[in-house]
Amino acid sequence: MYQPKLFETPHHHLVDISHKSNASESDQLGIKMRDDDLETKSGTDLIEAPLSGDEQDPSQRSKRKRYHRHTQRQIQEMEAFFKECPHPDDKQRKELSRELGLEPLQVKFWFQNKRTQMKAHHERHENAILKAENEKLRAENNRYKEALSNATCPNCGGPAALGEMSFDEQHLRIENARLREEIDRISGIAAKYVGKPLSSLSHLPSSRSLDHIGFGNFGSRSGFVGEMFGAASDLLRSVSVPTEADKPIIVELAVAAMEELIRMAQAGDPLWVPADYSNGTTTTTSTEILNEDEYLRTFPRGIGPKPLGMKSEASRETAVVIMNHTNLVEILMDVNQWSTVFCGIVSRAMTVDILSTGVAGNYNGALQVMTAEFQVPSPLVPTRENYFVRYCKQHADGTWAVVDVSLDNLRPSPLSRTRRRPSVDDRAVHNIYKPLVNSGIAFGAKRWVAALDRQCERLASSMANNIPAGDLCVITSPEGRKSMLKLAERMVMSFCVGVGASTAHAWTTLSATGSDDVRVMTRKSTDDPGRPPGIVLSAATSFWLPVRPKQVFDFLRDENSRSKWDILSNGGLVQEMAHIANGRDPGNCVSLLRVNSANSSQSNMLILQESCTDPTGSYVIYAPVDIVAMNVVLSGGDPDYVALLPSGFAILPDGPASGPINNGPGGILEVGSGGSLLTVAFQILVDSAPTAKLSLGSVATVNNLIKCTVERIRAAVTSENVQ
């Protein structure tokens, strides 16, 4: 069998380098010296040499063999000059010779010899480097020889000769072995935490499903046709980019989903039937729910078999928002804008792959593969994760439509327990949240449209310029308004991301006695200008109140009632210093509060607060801020460097209560009859050193703080409700 000499060329190259690097210093110096004859003689010898042999006498011949050494001072001066100028000109040499008492020719020869000496030094250094590289290559050469000597035939598994396997193939085999070891290691870690190795998890088939949003020029219609969800998964980190074989299937799936969306958006009764939901003050009928039997008759291939123990969710909502269709489509197709606008619903989102960016400079025809995690602002409701494709299309009548369709049929995985439309598993939801989740409000169309409507109002407020200056607390400077709203937006996003049951969080329950158990988690804050450095302890709890949501919201956002629940204000008077309205509802605003300490020895504190409300829920979020930093923000400065640790409240209705709400004593007796679901969340810096360890005393302090706050709120709002 023919065996090529694979190592001939590298071997000769290495030997050649080795030979070069082993040359003696005298040989190296001789090579360099032959480049310049003037550098082979000393300056003293040339000066003492006679012009003719006939003119020499014995005394002169003895002089010619005598060397004149330079003094220490002369050498030091020339060394110093050499560092500044290795190639002095005639004028410099004459000046230097006068200062040192030497002939100009002596100075010239000294500099020539010095340059030769430096060249030899650099050559020795280069040879040492080449010699080390030579040894490294020789060792690598031997390693490859040994690997190839132990190689096996890819076909029969027997020993292979060198000629049967290329270097590339051998490299791939070595890389495969390394990756196999890595997979085994990760599988072992997964088995430790999940309970079984990844290799034992089988892929489960699933059916096609939809999530769609249709847009006109100023209208928004959205329908979310069911999801199946579960906890303790992390789809966002487990999905991969679709293969080339998957892409035609994804395109076909997206086109079919778009056709179904348009038909469902245009259809009315009997496919959609009204659903009466109450927000605690009025009964609304704009939401419609899907008639599942009619849907199965109209779209027989749309929904696959419903898994055992699951149920379906489907709803449709219509609203007019103050934003044009171009900006609406851009929000939906930009994952960062989408996550920001719907930060109360989307806890995490990521674009996995972009199959098409659209045509004609817009999003018409854009196709994106995405993952997202959806939440309710409470650690008691598991998040829902989806792996889906989002498709945008402009139709002939000028209507834009955006549709999401799940891809779990292409990449089935037990890590994903959420699907767009087919079914929902709500068994992991806490009992006090089940009426809300089962009604479809928690993840349904009404909540999405309400959040969009409120964010459009907020954006319009930030762009407003004609602000009346009648109220002294109103910020009229456009730059100051934008900076303060931007800072408040970051505060709200940070709160919403940290309050839910995202799989990215590691909540620890401090007790197990009821629904209002306190859950805590810690994180280290480093190199983030928007957060104070150190150990941050987050604590959250959710509980039910027999009080309608609007009453709870008004109580918590009012600065005059803050001393009734805020323990950290120490009973000080709270005064509103600045105010920005960002919606039609007076409860939608950003405020800068000053807490005037009752103790004269303590300094006053500034608090940035945003309160926002819509028919599906409300938030009151706040954070202490530095006085100097806020002066910069109010002047239009960059708010990104203001450190924030937001805390606050999320207020949700306890279910789809319909009909008038009885506000009298005994009117709200149980969950689902018009009360509120309140989530309280605190973030506290327990140690300014990121390397510090969390003490049990700090956890106990935060636990007592949040429990005391809960009791104060419960006592205050229930007593007001009775009155």
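Which ring does the charged end of R562 sit over? That ring belongs to Y622, with the charge 4.3 Å from its centre (the cut-off is NZ of Lys or CZ of Arg within 6 Å of the ring centre and within 35 degrees of the ring normal).

## Ground rules

This is a predicted model, where local features need pLDDT of at least 70, side-chain atom pairs count only at pLDDT 80 or more, and totals for chains, interfaces and linings use all residues. Numbering runs from 1 along each chain as its sequence is written, and side-chain values use heavy atoms, with hydrogens and water left out.

## The largest core

The largest nonpolar core has 40 residues, and W338, F342, F374 and Y433 touch the most other members. Such a core is a set of buried Ala, Val, Leu, Ile, Met, Phe, Trp, Tyr and Cys residues joined through side-chain atoms within 4.5 Å. Buried means under 20% relative accessible area, exposed over 50%, and partly exposed in between (1.4 Å probe, protein chains only).

Among the elements giving two or more residues here are α12 (325-333), α13 (335-341) and β9 (367-374); helices are DSSP runs of H or I with at least four residues, strands are E runs with at least two, numbered from the N terminus. Helix α12 gives the most, with 5 residues. Domain 2 (245-453) and domain 3 (464-657 + 671-720) both contribute, so the core lies between them; the bounds come from an automatic or database domain assignment. Apart from this core lies another one of 31 residues, including V518, F649, I651 and V710.

## Aromatic pairs

There are 12 aromatic pairs in the structure. Rings of Phe, Tyr and Trp (its six-membered ring) pair if their centres lie within 6.5 Å; planes under 30 degrees apart are stacked, over 60 edge-to-face, and the rest tilted. W338 and F374 make an edge-to-face pair, 6.1 Å centre to centre with 80° between the planes. W338 sits in helix α13 and F374 in strand β9, so the pair ties together parts 36 residues apart in sequence. Both W338 and F374 are buried.

W565 and F649 are edge-to-face too, at 5.0 Å and 85°. Here W565 is in the loop between α17 (549-557) and β15 (573-581), while F649 is in strand β19, 84 residues apart. W565 is buried at 1% relative accessible area, and F649 is buried at 0%.

## Another charge over a ring

Back to W338: R390 lies over the face of W338, 4.2 Å from the ring centre.

## A cis bond

D269 and P270 are joined by a cis peptide bond, with omega about 15°. P270 is in the loop between α10 (247-266) and β3 (272-274).
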